[in-house]
Amino acid sequence: MAYRVLVVDDSPAMRGFIRRVIALSGFDAAECLEAGDGAEALERLRTETVDVILTDINMPRMDGEELMKRLAADERLRSIPTLVVSTDSTKLRIGRMSELGAQGYLSKPFSPEMLRGKLERVLGVSS
Amino acid sequence: MTTIEDATLREAVSAAVEQAMDAMFFDAAEPACECTGAGAADCVTAAVRFHDFIEGEFLLTMPRQTAVALAASFMALDPEAVDAAHSEQTVCELANIICGAALSRLDPSAELRLSPPEVVAGSCGLMEWGVWQHYRLLDGCMSVSIRLTP
């Protein structure tokens with residue numbers, strides 16, 4: 001099965017990098033959609049269907065924590081698995097994002113293999 | 001506020017540099033004595049401020065040519081297609097990654113707050129700013145410095 005992925009990050013360079021490593025890792029991605037913050041992600045999700053969301057935390061306008069809260073409050077969106085990708089690997093932050101409903105957490109820096117492993121884990125598929 | 005020895009801070013930064021360059025830039029960062037062109041007129045410099053368990057600022061600077069090569073590698077672009085924005089976004093992202101990874105190493109149980117990385121204009125004279133660590137990369141070099149607020 002090929003998956004549709006939504007990458008939410010305010011850095012165009014990081015979004016480009018994630019698209020690239022998803023391809024490099026061999027993960028079966030049908031399409032990578034992009035959003036520059038939580039608000040734009042919600043806007044895209046009004047018209048697009050995705051299988052998994054990768055989101056940064058620190059973003060302008062709407063950050064990753066607020067995005068997680070909005071997703072959890074939306075009956076149509078709450079079942080989409082979410083993987084947080086962040087430079088912050090402190091236990092407090094990881095715990096907080098997990099409480100908000102994140103199924104996985106990937107700390108930067110990460111390799112293509114680590115990204116693929118986390119994506120497969122949150123999607124419940126085995127390689 | 002936590003008290004951290006300079007040597008501990010530099011070790012954390014060094015480990016974060018090597019990890020970031022290896023995993024995300026597919027490059028080997030080797031410690032060097034200097035980085036010619038860093039902090040000069042035609043360089044790209046990014047700053048990240050942090051606060052909570054410790055407070056201060058992290059700086060990363062590199063010659064523009066190195067920034068172009070890194071951006072091309074990071075974003076899978078032809079070096080000739082790399083513009084100033086690509087270079088600056090890449091250096092900002094690298095600064096963010098290294099700073100976050102270094103601070104997370106120092107105290108994984110603490111709260112961590114980083115400001116969005118910013119490009120620093122007019123970097124000349126920057127090397128007077130504090131203690132710098134220099135690294136040789138496949139296509140150039142870079143320098144990093146971290147300063148805690150007393």
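1. Buried residues account for 47% of the 150 residues in chain B. This figure, like every other in this note, refers to a predicted model. For a chain of 150 residues a compact globule would have a radius of gyration near 15 Å, and the 14 Å found for chain B agrees with that expectation. The C-alpha trace of chain B spans about 45 × 30 × 25 Å along its principal axes.

2. As to secondary structure, chain B has 3 helices and 7 strands, and its elements follow one another from the N terminus in the order α-β-β-β-α-α-β-β-β-β. Of the contacts in chain B between residues at least 6 apart in sequence, 68% join residues at least 24 apart.

3. One of its partners is strand β3(B), residues 56–63, with which β7(B) pairs in the antiparallel sense over 6 bridges; within chain B, Leu59(B) stands opposite Ser145(B) of β7(B).

4. Strand β6(B), residues 133–137, is also antiparallel to β7(B), and 5 bridges join the two. These strands, β6(B) and β7(B), form a hairpin with 2 residues between them, and Leu137(B) has Gly140(B) in β7(B) as its bridge partner.

5. Two residues other than glycine have a positive phi and may be worth checking by eye. In chain B, Ala76(B) has phi near 55 degrees and is found in the loop between α2 (64–75) and α3 (84–106); because 13 other C-beta atoms lie within 10 Å, Ala76(B) is classed as partly exposed. In chain A, Arg61(A) has phi near 70 degrees and lies in the loop between β3 (52–55) and α3 (64–73); with 11 C-beta neighbours inside 10 Å, Arg61(A) counts as exposed, since the limit for that class is 12 or fewer.

6. A further backbone feature of chain A concerns the peptide bond from Lys108(A) to Pro109(A), which is cis, with omega near 0 degrees. Pro109(A) has its place in the loop between β5 (104–107) and α5 (112–123) of chain A.

Technical notes:
Residues are numbered from 1 along each chain as its sequence is written. Chains are lettered from A and ligands numbered from 1 in the order in which they are written. This is a predicted model: local features need pLDDT of at least 70, side-chain atom pairs count only at pLDDT 80 or more; totals for chains, interfaces and linings use all residues. Two strands pair if DSSP finds at least two bridges between them. Helices (H or I, at least four residues) and strands (E, at least two) are DSSP runs, numbered from the N terminus. The radius of gyration is taken over C-alpha atoms; the globule rule is 2.2 Å times the number of residues to the power 0.38. A residue is buried if 20 or more other C-beta atoms lie within 10 Å of its own, exposed if 12 or fewer, and partly exposed in between; C-beta atoms are placed from the backbone. Two residues are in contact if their C-beta atoms, placed from the backbone, lie within 7 Å.
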